[in-house]
Amino acid sequence: MTDALAGKVATPRDVLTGSAPLADETEGMSYLHSLPRRLITVYLPLSLIMFVLLFPFYWMALTSIKPDEQLLDLDTYSPFWTWNPTIKHIYKLLFETEYPIWLWNTMLVAVCATALSIIASVLAAYAIVRLRYKGAQWVGGAIFLAYLVPPSILFIPLSTVVFQYGLFDTPFALILTYPTILIPFSTWLLMGYFKTIPFELEECALIDGASRWQILLRIVLPLSVPGLISAFIFCFTLCWNEFIYALTFISSTQYKTVPVAIVTALVDGDIYRWGSLMAGAMIGSLPLVILYAFFVEHYVSAMTGAVKE
Amino acid sequence: MAIAFEQAGTKRVMRDATAWERLKTNREWLSLWFMLPAAAFLILFLAYPLGLGIWLSFTDPRIGRSGVFIGLENYEWLWGDATFRLAVFNTVLYTAVASVIKFAVGLYLALLLNEKLPFKAILRALVLVPFIVPTVLSAIAFWWLFDPQFSIISWSLKKMGLITANIDFLGDIWNARWSVIFANIWRGVPFVAITLLAGLQTVSPSLYEAATIDGATPWQRFRFITYPLLTPIIAVVMTFSVLFTFTDFQLIWVMTRGGPVNATHLMATLSYQRAILGGQLGEGAAISTAMIPFLLAAILVSWFGLQRRKWQQGESND
């Protein structure tokens, strides 16, 4: 499966720039279609889908800067634009709630869990692909199966386990459980990258007397930096996105992560709460969107890499 | 390689390796050290809880006390429980409808993005944004969009003269179901579209040109070139899509908490409600365990159903 598919999948750079390896430079058959025809068959449906996909974000951003009186009065003011934006909601969020603490918690948990998972995955992937111990293939398969175990069937027994280990309601409950979601994914991804590194490089190093550890640090890791970045940002995104473990294992407000805190602590009876809720949702997604803007290619590579096996 | 050398050529070992050195260089031992961190995490926090979950479903524990073995009692009770049956129905409906539409729209979007377009790179980057933003946060945005009184959707439809009263998106049983399904589709389409696009880009344009010369219609070009070549990637993408839709928790919990009158309860949300909020750990664990056969079935169907074609064509499975 692995090698057969690997050849068929375009690299992420190709996906983004639109120059697939097999596609030649000619314009293909597109000259056969006239502009009016393309307007109906391509541009119209495409803009419709894009509108639906992006409108919630526009609405989110707009709501977070609308003054209260315009928020609920759709008839007096045009609901799709505001001429007097306010930072009241964002100010309230940052200085009158514990939002900065939640952001910090989320960041801390995401960075620690991601770092732990990457270290564990690098070692495991290297052992499976290159040390090829007895049963390595079975372990590889088992790790893929672990990727298919969803958190929503694990959280109940895991909550009793977390309780037994004395981790309940501490950030460690999340830092130590998130890797179970991340390790299978990133091990699988890194296995793919390690396979592309030529054997000969390692053989040379072995002849020169390098230990396996040195080979990993000096040869394999520098060559798989793109894979490491992909794994890192994808794990980071998954951590930021995780909800059910954080909801179950954390009960004090001071340890909550942004997604959980917004749903449990920020939703109050205030009829004007929408402004600060939307501001919270917007600021909570901002770190990921910024990260995404810088590493689009790596995201796509992580996604297609996970799928192509 | 050095290790093979060490194992094979026993005669040529210069001196006896000490136990410590063997631990450092022997392939099997070295592998053990390398696998240890990942194995520790996966065994302690994945394999053990998975087994424990199945065991819990045969006991009657509460939060703070362990239970005793009660056999199939939890399952018997669930079998007669109308709410559980409703949750199973909802989960199957949610998964089936959302997956089919996600696949159709995702494939369509991928085909559109594969056309020659201005600002192609930016468009593709924008498509993925719903997938990047944390689900809970976009679910809150949908909650606001679906507000019973101030929904901008109701307002726009009223202005256009299509409806006269606000739509109660999340308060009415079927409206609520369609609303959460819509939100799930919205979130899942980018993933399907971008991964299928990666597959589409490897299809050589000369195939389409040849087919056009032979007089193939656009539908025939899709049916006999694009679809067969995409099948392997479709199988994988849809397996993941079905898996994540079936076990969805976040969207439902944020938007409806399973309401109105349990109309949108999925098995995952019901198990959370029973086990964590209600304290019935055994019952919740039984609901979770009951998801496993459904999951396996869904995975097998989407995997083998779409892979069969490959075997028929005589390609090897690997």
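**Close-ups of a two-chain predicted model**

**View 1. A left-handed helix crossing in chain A.** In this predicted model, α7(A) and α9(A) cross in a left-handed way. The residues that do the touching are Gly140(A), Ile143(A), Phe144(A), Ala146(A) and Tyr147(A) on α7(A), and Pro184(A), Phe185(A), Thr187(A), Trp188(A) and Met191(A) on α9(A). Sort the residues of this contact by type and you get eight nonpolar, two polar and no charged. Helix α7 of chain A covers residues 136-147, helix α9 of chain A covers residues 171-195, and their axes sit 8 Å apart at an angle of about 135°. The two helices are therefore oblique to each other.

**View 2. Another helix pair in chain A, α5(A) with α15(A).** Here we look at helix α5 (residues 88-96) of chain A packing on helix α15 (residues 273-294) of chain A, with an angle of about 70° and axes 8 Å apart. That angle makes α5(A) roughly perpendicular to α15(A). From α5(A) come His89(A), Ile90(A), Lys92(A) and Leu93(A), and they meet Gly275(A), Ser276(A), Ala279(A) and Gly280(A) of α15(A). This contact is made up of three nonpolar residues, four polar and one charged.

**View 3. Where chain B meets chain A.** Zoom in on the contact between the chains and you'll find 85 residues from chain B and 91 residues from chain A. On the chain B side, helix α3 (residues 27-56) of chain B gives the most, with 18 residues. What kinds of residues make up the side of chain B that touches chain A? They split into 62 nonpolar, 15 polar and eight charged. As for overall scores, the model has an ipTM of 0.85 and a pTM of 0.86.

**View 4. The two domains of chain B.** Chain B comes in two parts: domain 1 takes in residues 2-56, and domain 2 takes in residues 73-312.

**View 5. Confidence along chain B.** The mean pLDDT of chain B is 84, with 89% of its residues at 70 or more. Which helix of chain B has the lowest confidence, and which the highest? The lowest is helix α1 (residues 2-8) of chain B, with a mean of 48, while helix α5 (residues 82-113) of chain B is the highest at 93. Residues 1-6 of chain B stay under 50, and the model gives them five contacts beyond four places in sequence. Residues 311-318 of chain B are also below 50, with four contacts beyond near neighbours in sequence.

Technical notes:
Residues numbered from 1 in each chain as written. Chains lettered and ligands numbered in written order. Predicted model: local features only at pLDDT ≥ 70, side-chain atom pairs only at ≥ 80, totals over all residues. Domains from an automatic or database assignment. pLDDT = per-residue confidence, 0-100. Helix = DSSP H or I, 4+ residues; strand = E, 2+ residues; numbered from the N terminus. Contact = placed C-beta atoms within 7 Å. Axes fitted to C-alpha atoms, helices over the stretch in contact; angles between N-to-C directions. Parallel < 35°, antiparallel > 145°, perpendicular 65-115°, else oblique. Left-handed = near helix turned anticlockwise from the far one by under 90°. Nonpolar A, V, L, I, M, F, W, Y, C, P; charged D, E, K, R; others polar.
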